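Welcome! Please have a look at the structure first, and then read on.

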Amino acid sequence: MTNGTTPILKVEGLKKRIGKRTLVQDISFQVEAGEIFGFLGPNGAGKTTTIRMLVGLIRPTSGTVHIAGYDIRRQFLQAIRHVGCIVENPELYPYLSGRENLELFARMSSVPTERIDEVVQISDRIEDKVKTYSLGMRQRLGIAQALLAQPKLLILDEPTNGLDPAGIREMRQFIRRLSREEGISIFISSHILHEVQLLCDRVAIIDHGKMIWTGPVDQLLDRDMRVEWELEPIESGMKLLRSLPYVTACEQKEQNRIVTHFSEEKIDEANRLLIKEGIAVTSIRRENYTLEDVFLKMTGGKAGE
Amino acid sequence: MKFTPKRREVRQENNRCSISRGKNRIPPILLYINEWASLLSATFMKKWFWIAFGILALFSFSLFGFGFALAIHEVVNPPSTPLTKASSEEESSPAPEQGGMLLSLGDSLTRGTGDINGGGYVGVLREELRKKYGPDTQVVNLGINGQTSDDLLQQVKQPKVQKFLQEARWITITIGSNDLNRKSGGIFKIDKKGAQQGKKQYEKNLNQIFQLIREQNPEAPIFIFGLYNPFADLQNESETTPLIREWNQTLQEVAGGFPHVIVVPTFDLFQLNTTAYLYTDHFHPNQEGYRRMAERLLQLLQDYEQGKEKNR
Amino acid sequence: MSEMARLVYNELLKIVRKRRMLVVVLILAVLIPIFTYAQARQAEELMKNVGTSDWRTLLQQQIVDAQNRLASSRLPDEWRVMLRLQTEQLQFYLDHDINPTAPGAPTFVRNFIEQSVALFLPLLVVIVASDIVSSEHSGGTIKLLLTRPVRRWKILLSKYLALILTVSLILLITGILAYSISGLAFGYQGATLPVLTGFQEQNGQLVVDHVHLVPQWKYILMAFGLAWFAAITVATLSFMVSVLVRSTAASMGIMMAAIISGSLLAQLAPTWTALKYLAFTNLRLADYLSGKPQMIEGMTLPFSLTVLSVWSLAAVIIAFAVFTRRDVLA
């Protein structure tokens, strides 16, 4: 129905205010057909509020949401028909079995019950009551529920929350396969940068209710690494590291720790420079970026430059 | 997507379960109920259950909707044809009782006011009569608090009461103290003239009451309690006591004019030991007072019955 | 239409599988035998005191008992009027030689529904009705429910229809259980027994111009019809509270407090005539059939039905207005 040029999800100037408190504002982004879109922000940044507005649970104070070209407020039925979603936890009816839950939602979306067997490959637990399920099983049942009506857009809120490492890996593979094989656009919210980096094509970053950045995931961070130093004396070490041209961010943490961003190959060089200046290096640690580092980068972190 | 559960996970859950069970000691009855409920919920999944459920729900909806409409019609537009007396006279004579029936008429004394058990002298009579004449002895207490002889006269005229009168084997009455109390203007300011008028009215009423009772039932003995002076221990006893005596005199005279009417005196009972037999309201007898009254009546009743036997 | 049928089916499924109905049936199955026993015992006690099983004697005794209560000076005037009306009614039964308490399952059912319409039935209804919307909020399932291609008002309507069907069914079950259980004790006879209805009250006087006889089964049907209306009003109000309050416990508590205080208030302060505009003082609809006078002056069946309808209508409007507009926050 939609041609390639219409974005599957288009959000413009979304804002929600309750009383005097503004929960989110100035949220604008687009999700193109077939892509996996990451919605990144720390807990309490307004991710869930935004998602609730996307699926019509909350009416925005201002701004619009279009799903497959339909306004979620004015053409709710046409718009929501293209969406499958899990908002926050996958809360299903605990006193019904997995299959009964799916049947119930199938009846609401006018989906034939045969579709249930397609989204859930037969399993021995599907007839059990949902209250006996583990969180991982509930998460999977939640996704099955979201896929029932063959949506074009899947909205998942923190899909790996509460899963064990194996479960997280499995979920990632599953999401990739959905995108690749079924051509479903997927909107994922997360507070874990690593996860978004691994999965998403593009990303929007939200903090304190405001969008601070949006773009392809590979532009999010360059090939720099997060390097943590423990130095003595800290002041002169800090000064030295800041003066180096290839260090993109530098910030003091706690008493004797400094976090810097720069290319992996330059660690050796920086280390030698420090020693030459007579600064004792007690530890060097190389780590993956976290969301915190993104914010560090966005705000510069290089004071005085 | 797969739904295969991890075995380790399941075993862990089981372990947790058994531990908590051990700690909380779930009573076996609860486990049993749970099992039973699961069985029931298996029933809920059946298709026929849902078909029956839906049909029944719709049926009850329309049934009660109909009943509702009917009720509105009935209350808002009731048929205005006056009800003719139900055609049930054919079986209106109640089965005669072997033990016979005690019919008690009168005021609060018959009602038993002042007896913490609530039975009054009628309560004592009921027990004693049942001992003597069998447990199926009926007792009908038509005493009404505050009843005067005027009221009793009206009551005796009621068709239903007349029916009782016909059936009664024994009749007991307490009447007059309310007349006396009201007409004489209370204990502290005795209105001699009013009391005199009241006595006349009392006499007239008594005559009519006995007359009416005898019309309905010429045989049953009527035991009527005499009046007593609840204020015999108060200062103006010298004024109240003669009044009571006068009224009792009247009562005796009227009773003498009818067959099988026996006056049960109570005056002396309360005169000698007033507080011992009076309730805290200083007007009605207490439990003990009622017992004494009943004992006197039973004594007279026994004499009467024996006399009747002899005369036969 | 078929979409609505599917939605109602979903809601019925939830009500049944939540075992709410089971709770209601269990309560009935436990309490009805107790009520049966209580009534059998009461009748036996009365018989023992009077020493006869002749209902006429018992009725006369009841009349005199009531007259005695009337004579008490401590009785408030409103009670006095009511008692007098009751006595006159009993006298009427006696004069027409009709036994209002002929033992048997139908008589028990009739008494049971007359007695339970103001308190017991509403509480049963509240058990089912109070969590019909609030449980979706507390369980978080509201998010799944409202992100389907179905309009919000349709979802709420399906819940309301399911509730009304369930309430109807509860009433039917109440009737069936009361009949079958009490019949074990009293026997099943008496469905065609004549019962008086059409008593009217005017200025504290009993008007018997329109009094007539109906067979007991018809009377029971009418009494259940009225009880059904009362139960639906309770369900509707409960439904609104369930929409407004997110916690099931709170919504159940609010409704129970309202029902109990409604039935208490009318007895505590019958002179406070403004009370008659409350919904819960108007639940005793079956009393209009039996002619039992209402506590508060100026209450008639059309009046009560109007009051209940206005409350229901307001509740439905509020429920739909709130549910279709409200943001679903965490």
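This is a predicted model: local features need pLDDT of at least 70, side-chain atom pairs count only at pLDDT 80 or more; totals for chains, interfaces and linings use all residues.

Residues are numbered from 1 along each chain as its sequence is written, chains are lettered from A and ligands numbered from 1 in the order in which they are written, and side-chain values use heavy atoms, leaving out hydrogens and water.

**Helix α9 of chain C**
- α9(C) covers residues 152-186, 35 residues in total (helices are DSSP runs of H or I with at least four residues, strands runs of E with at least two, numbered from the N terminus).
- From first C-alpha to last, α9(C) reaches 50 Å, close to the 51 Å expected (1.5 Å times one less than the number of residues).
- Because 25 of its 35 residues are buried, α9(C) is largely enclosed by the rest of the structure (buried means under 20% relative accessible area, exposed over 50%, partly exposed in between, with a 1.4 Å probe and protein chains only).

**Where chain A meets chain C**
- Here 30 residues of chain A are in contact with 31 residues of chain C (heavy atoms within 4.5 Å).
- About 3,100 Å² is buried between chain A and chain C, and carbon and sulfur atoms give 56% of it (the accessible area, 1.4 Å probe, that two parts lose on being put together, summed over both).
- Leu57(A), Arg107(A) and Met108(A) lose the most area on the chain A side, together 24% of what that side buries.
- The rule finds four salt bridges across this interface (a side-chain nitrogen of Lys or Arg within 4 Å of a carboxyl oxygen of Asp or Glu).
- Lys143(C) and Glu88(A) meet through their side chains in a salt bridge, at 3.5 Å from N to O.

**Where chain B meets chain C**
- In this interface, 59 residues of chain B are in contact with 58 residues of chain C.
- The buried area between chain B and chain C is about 4,900 Å², with 69% given by carbon and sulfur atoms.
- Two salt bridges are found across the interface of chain B and chain C.
- Arg111(B) forms a salt bridge with Asp65(C), and their closest N and O atoms are 2.4 Å apart.
- Helix α3(B) supplies the largest share of the side of chain B that touches chain C, 21 residues.
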